[in-house]
Amino acid sequence: MSRETQFSLYDGMKRMVTTTPSEPMTLLSRPRFDAWMVEHFVSLGGRFHDGAELVGIDTINNVATLRNQTVEYDYLIAADGANSTVERIIAKQFSTFKRKDKNPLCLEVNVKREDFDMPGVNIFFHIIPDSYAWSFAKGEEVCLGLVKLTHHEFDINAAMRKFMLDLGVKHLERYPLRGAMIPVGKYMEHPSFRNILFVGDAGGFVEPLTGEGIYHAMQSGVYAAESVIEGGTVGQAYERKAEYLKRLINQGAYYQQLLEKPSTSRYFFRNVGKHPHFVNHFYETQIEHACLDPFWKIILKYKLSKLTRHRK
Ligand SMILES: Cc1cc2nc3c(=O)[nH]c(=O)nc-3n(C[C@H](O)[C@H](O)[C@H](O)COP(=O)(O)OP(=O)(O)OC[C@H]3O[C@@H](n4cnc5c(N)ncnc54)[C@H](O)[C@@H]3O)c2cc1C
């Protein structure tokens, strides 16, 4: 785990602004975090079947088929990621089932600090169209990555190699590129189907501005569990609860679209460097703490906080 204090935005390789949020940003090693979650689940009495792959679902008799066993279920919570097998099986069986959008491809590489060192959380615009590349300091390593939105055509491997070269990463040959899907398109409008509840990436719950989905995966998992425990119309209850996540995601999509729009994007790049306090305010209220305030309210609160600062 590492705690970083600087948040910077770049236009290409040129730094536009750096801010220092009031709380350090915590970055975790994903394998360690996942292992901790499994341990916690088991300590609460959960049964974890490592490596058990789901290959079929019988929706009439409510039976899930794994490679070497079958499991009966009352409710099936599909938490099997962006390329969800459950989604694929159900889409094949039912033409009325609406899938989430196609997943964009993401590349990420963890570089040793001796080969490249950059503190903090850094966002690089204009490396790829309509999105950004990133560099996150994480303990012994720095995590570099970028995403290719589905409506763009370019060589993502070449873009990633160029990004790494431009940053000055040494020993590029040590770092084979690894890809993964990230569902930053449209989530499932109805993430429940019969008694199957889609959570996390399987349901497309990823915030499009930041590409973050861990919070949404965990929160949708909690909503699914609560809905099953409460009983009644489980699917409807789950969809009602998941509305909150959809609203957060819609808000992220709105900001993402502003970045894609030439007029607002021009305004952003011309002015962002002049307003580090606003960048900090936006980071703290919108990114670090999920908040559903409309943009005008964010600006109003920022102006009020500025006034209070001046009066002190
Ligand atoms: C490169 C990259 C960087 C990211 N960085 C961040 C970040 O910094 N912060 C953030 O919040 N989010 C980040 N995300 C998004 C985040 O990783 C996901 O939103 C989150 O992991 C979703 O969790 P999940 O449990 O829904 O799916 P996953 O984490 O994908 O877990 C799905 C699980 O289901 C298993 N599975 C799949 N198919 C089957 C099957 N047929 N049978 C049994 N098991 C199966 C898989 O093995 C996996 O263990 C990133 C994504 C990518 C691709």
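Reader: At what angle do α5 and helix α6 (residues 234-260) pack?

Author: The two helices pack at about 150°, and their axes are 9 Å apart. Axes are lines fitted to C-alpha atoms, for helices over the stretch in contact, and angles run from 0 to 180 degrees between N-to-C directions. Helices (H or I, at least four residues) and strands (E, at least two) are DSSP runs, numbered from the N terminus. The model is predicted: local features need pLDDT of at least 70, side-chain atom pairs count only at pLDDT 80 or more, and totals for chains, interfaces and linings use all residues. Residues are numbered from 1 along each chain as its sequence is written.

Reader: Why is α5 called roughly antiparallel to α6?

Author: Angles under 35 degrees count as roughly parallel, over 145 as roughly antiparallel, 65 to 115 as roughly perpendicular and the rest as oblique. The angle here is about 150°, which makes α5 roughly antiparallel to α6.

Reader: Which residues of α5 and α6 make the contact?

Author: Residues are in contact if their C-beta atoms, placed from the backbone, lie within 7 Å. Among them are His216 and Tyr223 of α5, and Val234 and Leu245 of α6. By class, this contact has 8 nonpolar, 4 polar and 3 charged residues. Ala, Val, Leu, Ile, Met, Phe, Trp, Tyr, Cys and Pro count as nonpolar, Asp, Glu, Lys and Arg as charged, and the others, Gly among them, as polar.

Reader: Why does the ligand lie between domain 1 and domain 2?

Author: Domain 1 (2-16 + 104-181) and domain 2 (49-100 + 185-256) both give residues to the shell around the ligand, so the ligand lies between them. The domain bounds come from an automatic or database domain assignment. The shell's residues divide into 10 nonpolar, 6 polar and 5 charged. β9 (105-112), α4 (200-203) and α5 (214-230) each supply at least two of its residues.

Notes. Two residues are in contact if their C-beta atoms, placed from the backbone, lie within 7 Å.
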